[in-house]
Every structure is written in C-alpha cells, then in structure tokens.
Amino acid sequence: MPEEKNLILITVVGTFLLIFLSITLFIFFYYYQKRKFKHIREKQQLQTNFRQELLQTQLEIQEQTFQNISQEIHDNIGQMLSLAKLNLNTAEVTGPAASLEKIERTRELVSKVIGDLRDLSKSLNPEIITRIGLGEAVQRELLMVAKSGQYNANLTQNGDFYRFNPQKELIVFRIFQEILNNIIKHSSAKTVNVSLNYQPGLFSLSVMDDGDGFDIALLESHSDKLGQGIRNMQTRAKMIGGNLKMESSAGKGTIILLELANENML
Amino acid sequence: MYWIKVVYFILMFLALLASFWGYGQKKYVLFIPLLAISLVTELARDFIRPQYPGLEPWLDLYVVIEYIILSYIISMFLISRSKKMLIRASIFILTPIFLINIFGEPLLDVKYLNHLISAPFLCVWTIFYLFEIANTDEEFDIKKNPMFWISLGNLLFFSGSFFSYGFGGYLAEKGNDDLADTILWIARSLNILLYILYITGFLCLKRKT
C-alpha cells in the first residue's frame, strides 16, 4: 500500500509539475512575442516619425529657397528688367527702320520676360500661394502653361469652395506643380484637364493628360529622378494624410488623383 | 464516472464537427481524419473491444496515426527547414518502432509504451512551434490563431498524461487494475481539456474564415 500511495503521489505531483511547466512556457512565449512585437512597432514608429520630420525639414528648406528665389526675381531681376524696358521706351532712336524694328522686338521680349518672371515669382512664393488659396494658385499655374501655346489646359471646380490648412494647401499645390512639371517634361501631352472637387467630407484634385502614359509599377521601381519624383509625391501626400492614386498605361495618358479627407485638412 | 465518459465523447464529437471549419485549408484539414479516427477508436475501445479482445493491437494503432498526423501538422506550421526535416524524419524512424511494439516483440514490456515514446517528441515539436511564434515579427493575435490553442492542448495533454500513462501502465501490468484505472483518470481529464482546447482553436478558425 505505501508503494501505491507513493506512485499516486509521484504521478499527481509529476503531472502537475509538467502541466505547470507547460503553462509557464506558453505564457512566457506569448508575452515574449507581445513584448518583441511592441518593441518592433515602437521602432517602426520612431523611424516613421524621423522620416516625417526629415521630409518636413526638407519641405521647409525648399519653401524657404523658393521664397528667396521669388524675392530675388521680384526685387532684383524684375527691377533691372523694368529699368531696361524703361530705357528702351525712352531712348531716342534715329537710324534705319530695321534697327527700329529690332528695338521694338527687344522691348516686346523684355516685356514678356518681365511678365513671365512675375508669374514665376508668384508661383514660387509660398506666401502668395497661401494668401490666394489653392484654387486660384492652380488656375494661375494653368494659365502660365496655356500661355506657352503648346497646351490646352482646363480647370473645373466642383462643389462648394472651402479652404483648409494653408500649409497643407501649399503641399497640395507643390504636388500639383510636380505633376504639371512631369507632364511638360515627359508626357508629350496636348491637353491637361484639372479638376478640384470640394465635397463635404473629401477634397480631391485630379489631373488628367492625353500624353504618352507610362508603366506605373516599372517607374516606381526605378531609382532614377522620375521614380524618385513619384515617390516624393506619394510621401508628401502621406505626410498630410492624403492618398495619391495613379492610373496610366503606355499610349493612354495618365490620371493622377489626390484625395484628402476632411479630418486631415486641419 | 459515467458522466465524464459521456462528456468526453460529446467533446470528441464536437471537436470533430468543429474541425470541418478547417476543410479546404491545407494546414488544418488533417485534423478531420485525426479526430474521426480518434472518435472511432475510442468508441471501439469502449463498445466493441470487450467482445473482441483480439482487436486491442489494432486499436493501439491510433497512437501511431496520431503521432504521424500531429507531427506532420506541426511541421507544416514551422518555417525552419531543418526543424521540419527533423520532425518528418522522426515519423519515418519512429513508425517502424511503434509497429514493432504493437505487432512484434516490444522494446520494453511496458503498457502504453508507444504513448510514452511519442508524447515527449510531440511536446518538443510543440515547443519548436512556440519558439517560432515567439520569434515572429508580426503581431500575434491568439483570437485569430487556431494553432496556438491546439498546441496548448497538445502540450498540456502529452506532458500531463506522461506520468499517468507511465504509472498506470506499470500498475496494470502488475495486475492492480483498479489503481491503474484511477491514475488513468488524470489522462482522461487531460483528454477532455485537449478537446476543449481543440474546439477553441477551431472556433478561431471559424472567426478567420
């Protein structure tokens, strides 16, 4: 009997010990995994924050540079060109008709340069963009493109107009400029249709061209400047809580849609 | 103890039904034959064996099938190739030993010898799986992971029933059937826990699907 009692005791104690060990092991692995995942998530969050701050700084530096260039064009180059135009206007010219015509053409050229530089200065100046608002800035930009005579640029605005955070408007405008720049440089498009949609819960900007189009996946994987440009646009859109979608295929033009939900506009 | 037996059979049947949520999923589909064989074996052990004592070795085949299927299932959940290979190799090495123990000359004259051999291996394979989930970089949600509950059940059952089967078998060999039966109730209770955890796991599978 004592031997049997011992056997029962060993069985019960041994079983409980093994069960206890098993449960401990499970709890340990489970919490270890949880802590590890928490650590990974914190690390990822830190990296994301760092990237965001880096991008924010880059954007601030870029805006500051644009502001300086704009100021320089307006205060210095513009002034000098205006003076040159004044001189041309007031110069007493006596000579052959051909020379007179040349001077007249030069005066026209200088006037055009002054006008173009004024537009450029305005489109670079972040203060002007934040003052006039996104809709007006986009319209001015399209007018500049249309003035070149090479593009048919159209703007439609739908919904009840509203404004949102000026900094975010500026970033949306810079994304739009990048899109327009890409169209001019790479697409061989003839028509650019832009629409600004002010829906109650959602703002969207869509840019459609009838250019060459491209393979999006291929381009995104490229490490060159163009691929980088697209990634930059996407990063900027993400930074303001927006969503940038692209639809394109070779020979069929491109549609780029930027959406920004209401809660991200503040 | 009759009602525990009833609960045991009901749980086995429910686990079998619940395992059908894994139908069409490569990693879980093998639980259906495993649980079906388990139910048939237990029913045969209780209702047919008393009339046909010669059936005993064939019923012991369940331990072999259980080891093969469970080991294979665990190996499917592992990422490490070497551990997968080790587990699958163990199936080829241990299966002949199990069969010799049933139909030939056993290595040791101990009852439930095959269970005593397979249980520690299955515990180790389960711990391999736990190591892998501990090292995964993705968020691990126990509500969405059937294998977590199934592994918990396996580990508790195979580790907890080791002493029970060991000493139960020893006492049965010595002719002390009453005490052996008492000790084996520990294993039966753990079996109930195993099926409850299996059902919990399969419920997660339903949530997933």
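Two residues are taken to be in contact if their C-beta atoms, placed from the backbone, lie within 7 Å. Among contacts in chain A between residues at least 6 apart in sequence, 66% join residues at least 24 apart. The structure is a predicted model, in which local features need pLDDT of at least 70 and side-chain atom pairs count only at pLDDT 80 or more, whereas totals for chains, interfaces and linings use all residues. Residues are numbered from 1 along each chain as its sequence is written, and chains are lettered from A and ligands numbered from 1 in the order in which they are written.

Chain A contains 7 helices and 5 strands, where helices (H or I, at least four residues) and strands (E, at least two) are DSSP runs numbered from the N terminus. The elements follow the order α-α-α-α-β-α-β-β-α-α-β-β from the N terminus on. Of the 266 residues of chain A, 19% are buried, a residue being buried if 20 or more other C-beta atoms, placed from the backbone, lie within 10 Å of its own, exposed if 12 or fewer, and partly exposed in between.

The 5 strands of chain A form an open sheet of mixed pairing in the order 1-2-3-5-4; two strands pair if DSSP finds at least two bridges between them. Strand 1 (152–159) and strand 4 (242–248) of chain A are the edge strands, each pairing on one side only. From one strand to the next, the twist averages 10°, with angles running from 0 to 180 degrees between N-to-C directions and axes being lines fitted to C-alpha atoms, for helices over the stretch in contact. Strand 1 of chain A runs parallel to strand 2 (residues 191–198) of chain A, and 8 bridges join the two. A:Asn158 stands opposite A:Asn197 of strand 2 of chain A. Two helices pack on this sheet. Helix 4 (residues 134–147) of chain A touches strand 1 and strand 2 of chain A, and its direction makes about 165° with that of strand 1 of chain A. Helix 5 (residues 166–187) of chain A touches strand 2, strand 3 (202–209) and strand 5 (254–261) of chain A, its direction making about 10° with that of strand 3 of chain A.

At the interface, 21 residues of chain B are in contact with 17 residues of chain A. Helix 5 (113–135), helix 6 (146–173) and helix 7 (177–208) of chain B each supply at least two residues of the side of chain B that touches chain A. Helix 6 of chain B provides the largest share of that side, 10 residues. The residues of this side of chain B divide into 15 nonpolar, 4 polar and 2 charged, with Ala, Val, Leu, Ile, Met, Phe, Trp, Tyr, Cys and Pro counted as nonpolar, Asp, Glu, Lys and Arg as charged, and the others, Gly among them, as polar.

Within chain B, the axes of helix 1 (residues 2–19) and helix 2 (residues 31–47) come within 9 Å and cross at roughly 160°. Helix 1 of chain B is therefore roughly antiparallel to helix 2 of chain B, a description applied to angles over 145 degrees, with those under 35 counting as roughly parallel, 65 to 115 as roughly perpendicular and the rest as oblique. The residues of this contact between helix 1 and helix 2 of chain B divide into 9 nonpolar, 2 polar and 1 charged. The axes of helix 2 and helix 3 (residues 56–77) of chain B come within 10 Å and cross at roughly 165°.
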